Amino acid sequence: MQTVEERVYRLEKVLEDFILSVGIEFNKLYNSQMRTEAEMRAFKEEMRAFKDEMKAFKDEMKAFKDEMKAFKEEMRAFKDEMLEFKKNQEEENRRKNKEWSNLAKKLGTLYEDLIAPALDSVLSNYFNCEAILEGQRMLRRKKGENYEVDAIAACKDKVFMIEVRSTPRIQYIDEIKEKSQRFFEFFPEFKTKKLYLILGSITFPEEVIKYASKQGIYVMGWRNWDYMDILNFEEIRE
């Protein structure tokens with residue numbers, strides 16, 4: 001039978017082991033809590049640094065947006081300036097074209113100064129014709145009779161009789177139409193080609209354009225004072 005001393009000893013031993021065990025677990029818990037707190041502090045520091053970075057990024061984005069806004073405003077102003085410059089340039093070109101045309105009219109050089117420089121591109125664009133012959137003031141005599149055409153242009157399968165008038169009138173349409181009836185009589189070398197009639201001038205009244213279209217005669221003049229062009233191609237296109 002155990003003595004009181006032995007029981008006390010065993011009780012003290014159990015209590016000592018319990019205290020030691022509790023101390024170890026407490027230390028583990030304490031250390032774990034310390035690590036957690038350290039990790040939380042580190043996390044908070046990282047979050048603070050991240051927030052600072054985000055704030056800096058937002059500030060940079062705002063600055064970038066402000067720069068882009070300023071750039072767009074500059075581009076808009078530049079575009080407006082270019083449009084204004086283009087408008088002024090077009091108006092200046094039209095003014096020069098009018099002055100040039102009036103001078104050519106006074107000098108009697110409408111074909112040389114206005115029609116001829118634009119003829120190749122007009123024939124190419126509208127008639128698919130690369131002119132292999134061009135001549136002005138083409139005069140032929142036959143049995144004492146003179147027959148003069150202001151200009152002739154020809155390509156592989158087409159020939160163009162071009163008459164120029166400083167002030168186009170309806171009566172000139174009839175005259176050119178009648179004159180064209182004898183074209184091959186005086187220029188038989190073109191008989192294998194199809195004949196096209198063009199009346200060239202500076203500008204045309206609307207009634208002259210309509211009448212010429214009915215008669216199958218193309219009119220060539222300034223389009224809005226921008227460039228020389230066929231003004232009624234669609235109206236009489238075959």
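What percentage of the 238 residues in the protein chain is buried? Buried residues make up 27% of them. Here, buried means under 20% relative accessible area, exposed means over 50%, and partly exposed lies in between, with a 1.4 Å probe and protein chains only.

This is a predicted model, in which local features need pLDDT of at least 70 and side-chain atom pairs count only at pLDDT 80 or more, while totals for chains, interfaces and linings use all residues. Residues are numbered from 1 along each chain as its sequence is written, and side-chain values use heavy atoms, with hydrogens and water left out.

Start with the overall layout. The protein chain has six helices and six strands. Both are DSSP runs, numbered from the N terminus: helices are H or I with at least four residues, and strands are E with at least two. Along the sequence, the pattern reads α-α-β-β-β-α-α-β-α-β-β-α. A contact means heavy atoms within 4.5 Å. Take the contacts between residues at least 6 apart in sequence: 51% of these join residues at least 24 apart.

Now look at one pair of helices. Two packed helices are described by the angle between their axes and the distance between the axes. Helix α3 spans residues 170-180, and helix α5 spans residues 206-214. They pack at about 25 degrees, with axes 9 Å apart. α3 is therefore roughly parallel to α5. (Axes are lines fitted to C-alpha atoms, for helices over the stretch in contact, and angles run from 0 to 180 degrees between N-to-C directions; angles under 35 degrees count as roughly parallel, over 145 as roughly antiparallel, 65 to 115 as roughly perpendicular and the rest as oblique.)

Which residues meet? From α3 come Ile170, Ile173 and Asp174; from α5 come Glu207, Val208, Tyr211 and Ala212. The residues of this contact are five nonpolar, no polar and two charged. Nonpolar covers Ala, Val, Leu, Ile, Met, Phe, Trp, Tyr, Cys and Pro; charged covers Asp, Glu, Lys and Arg; the others, Gly among them, are polar.

Stay in α5 for Ser213. Ser213 is buried, at 14% relative accessible area. Leaving out residues up to four places away in sequence, Ser213 touches Asn232, Glu235 and Ile236.

Finish in the loops. Asn128 sits between α2 (110-127) and β1 (133-142). Asn128 is exposed, at 67% relative accessibility. Its phi is near 50 degrees, a positive value in a residue other than glycine. Asn224 lies in the loop between β5 (218-223) and β6 (227-230). Asn224 is exposed, with a relative accessible area of 57%. Asn224 is not a glycine, yet has a positive phi of about 55 degrees.
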